[in-house]
Amino acid sequence: MHQTPSWLDEAVFYEIYPQSFYDSNDDGIGDIPGITAKLDYISSLGCNALWINPCFDSPFKDAGYDVRDYTKVAPRYGTNQDLVDLFGQAHRRGIHVLLDLVPGHTSEEHAWFASSGRASRNEYSDRYIWTDSSFEGYPGMPFIGGEAPRDAAYILNFFKCQPALNYGFAARDRSWQQSPDDPGPTATRQAMIDVMRFWLSQGCDGFRVDMADSLVKNDDKEKTATIDTWHRLFEPIRKEFPQAAFVSEWGKPWQSLEAGFDMDFYLNWRWAGVPNGYNFLTRNTEDELEGPDDASYFKADSKTGISDFLADYLPQYLRSRNLGSFCFITCNHDTTRLAPRLTPEEIKVAYGMFLTMPGVPFIYYGDEIGMRYQTLPTKEGGYHRTGSRTPMQWDSSANRGFSKADPTELYLPVDGSPDAPNVADQDGDPESLLTFIRQMTTLRSGHQSLRPGADFAVVHAPRHGRSFAYTRTQGDDRLLVALNPSRQEEDLPLSLASVGATDHIPRPLVMVNSDLSQGTLALRGQSFAVLAL
C-alpha cells in the first residue's frame, strides 16, 4: 500500500479536451497556451486540478490516443516548453495537472513500431505483440498482417492504427506469446516508466491512464497479472515522485486501487442493454441522444428510484473505500453529454449529487454551463463521441469566443443555436448552472465531511419514492445531502438521531426548491439540499 498524495484530499478536477478549449493563435484549434490563458477561469470554478486529454505528437487517427512520440507535444498544441510553462502557471495558482497516458498501444507511426516490424531482430522486435506468421491471428484479438517486412501479424488494441504494446500473456497457448517476465515485456515496462519519469520531472503531477486494465493479455477475471504489472510500473515512480497522482480508466475499483492507482472512474457502461449504476443515474436508455423511453434516475418523469443505482454502487464502494477513491464524472470525452437530453433543472440535481458523493469529482469542460451534445460527422476517430468534443462556449461573439479563425477552419463547429449556453451569460447569474457549480465547489472546500474518504451512509432510499438522502461525516463535521429528481414533492422527516445530529437543529447550507420546517425537509419537484447537522 502506498500513501495517497495529500493534495487529492481537496481536489476537484476539470477535464480539458485541448483542441476544443481555447485557441490562442487563431488557427482554429485549441492549444496549450490557450489553457494557460484560462487558468484563472478554472480557479474561479473552484477546480484546483486538471486532466488534459492527450497532447503528444500523433497522426490523430484517434484524436491523440494514437501516440507517435510520448515525449513531444504535438505541434498543433504548441511546444514542450509551452507545457512546462503551463505546469508552472498552474502551480502558482494551486492547480495540479495530470496528463493522459496511453500505455497499452502506440500509433502505427511510432518509431518503436517501425523498428519492431523489421525482418531482422533488433531491440524493439518484442516491444509489440507479433504472431509467428503474417497469416496467423489469435481468437478474440484483432490483428493485421502483410504490412511489415517481418513475417508476422501484429495484434491491435482498437483501431487499425493502434498496435498493442507487449506486456506479456498471463495464460499462454502459442509459441509467440511471452510471459510478463520475459525480456520483451520487461523492456516495455521500463519504456513506460521512462515516459512517466520524463513528464513528472518536467512538473507534471501525475497521469490519467487510458484502458489501464488491458495491459497483460489473457489475464484472469481478477486481472492478477495486470495488477502485478502496475505494481512494477509504480514501484520506482512512487519512490521518486511520492506526490504524483494516478487515476485509472478501469471501472472496477477493488482491482485498480489494489494495483496502486489513487482513483478510478465510475464510468457510464451499458452492455447488451444492461446498465451499470452510473448508467442507471444518467443514461438509462438505448438511445442516449433522444431517449423517449429514458428511465434514468435524474430524468424528472422516469418514475425510477435510487435502489438500482445503490445495488450497483454500494458493493463497489464498500469493497474499495479503504484503498482509494471511486470517482464521479459529470461526463467525459467518450460519453455523450447530459444536455440536451436532460434539462438544466435535471442536470443541476445530478451535479449536486456528483459533487457531494465520496471520491474525487471530475467536471468535463463545458458541463459547468450545460454545453449540449451536437450531432456531427466523425472527426479523428470520434464517431458518436465527436458531438461531446465541440469548442468551449465562452461568450456570444463569433465562434462563441473559442477562436478568431474563420468558422470553416475550426477543429469542430461551435453550437450555432441562438440559445447556446456560454460562460459570459451565466457568470454572475444567481440562478445559472455555473453559479451552482461554484456554490458546490465552495461548499466542498469548506467541509471536511466532503473529502474523498469521509464516511458515507444512506439514510433515505424509499422503494416507492424518488427522493434520496445520505450523510457525509468526518469527525464533528456532518452533512445531510437530500435530493428529489421528480416533479412531485416528497417530504423527508428528519429524525435527528437517525441522521447523526442530536443536540441542535440542522442548518441549511444549499437549498434548491426545498424548505426546512419543524423537523421536515420538504423536497419539492427537482430539488436538492445540503444541511449541516
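Tutor: Here is a walk around helix H3 and on to a strand beside it. Keep in mind that this is a predicted model, where local features need pLDDT of at least 70, side-chain atom pairs count only at pLDDT 80 or more, and totals for chains, interfaces and linings use all residues. Residues are numbered from 1 along each chain as its sequence is written, and side-chain values use heavy atoms, with hydrogens and water left out.

Helices (H or I, at least four residues) and strands (E, at least two) are DSSP runs, numbered from the N terminus.

Now look at Leu83, Leu86, Phe87 and Ala90 in H3: they're buried, meaning under 20% relative accessible area with a 1.4 Å probe, protein chains only. These residues cover an arc of only 100° around the axis, so they sit on the same side of H3; the arc is taken from the directions from the helix axis to the C-beta atoms. Their packing partners include helix H1 (32-37), helix H5 (183-201) and strand S2 (49-52), with contact meaning heavy atoms within 4.5 Å. After H3 comes glycine 94, with a positive phi near 75°.

Over in S2, Ala49 and Trp51 point one way, Leu50 and Ile52 the other, and all are buried. S2 pairs with S5 in the parallel sense over 4 bridges (pairing takes at least two DSSP bridges), and leucine 50 stands opposite valine 97 in S5.

Notes. Buried means under 20% relative accessible area, exposed over 50%, partly exposed in between (1.4 Å probe, protein chains only).
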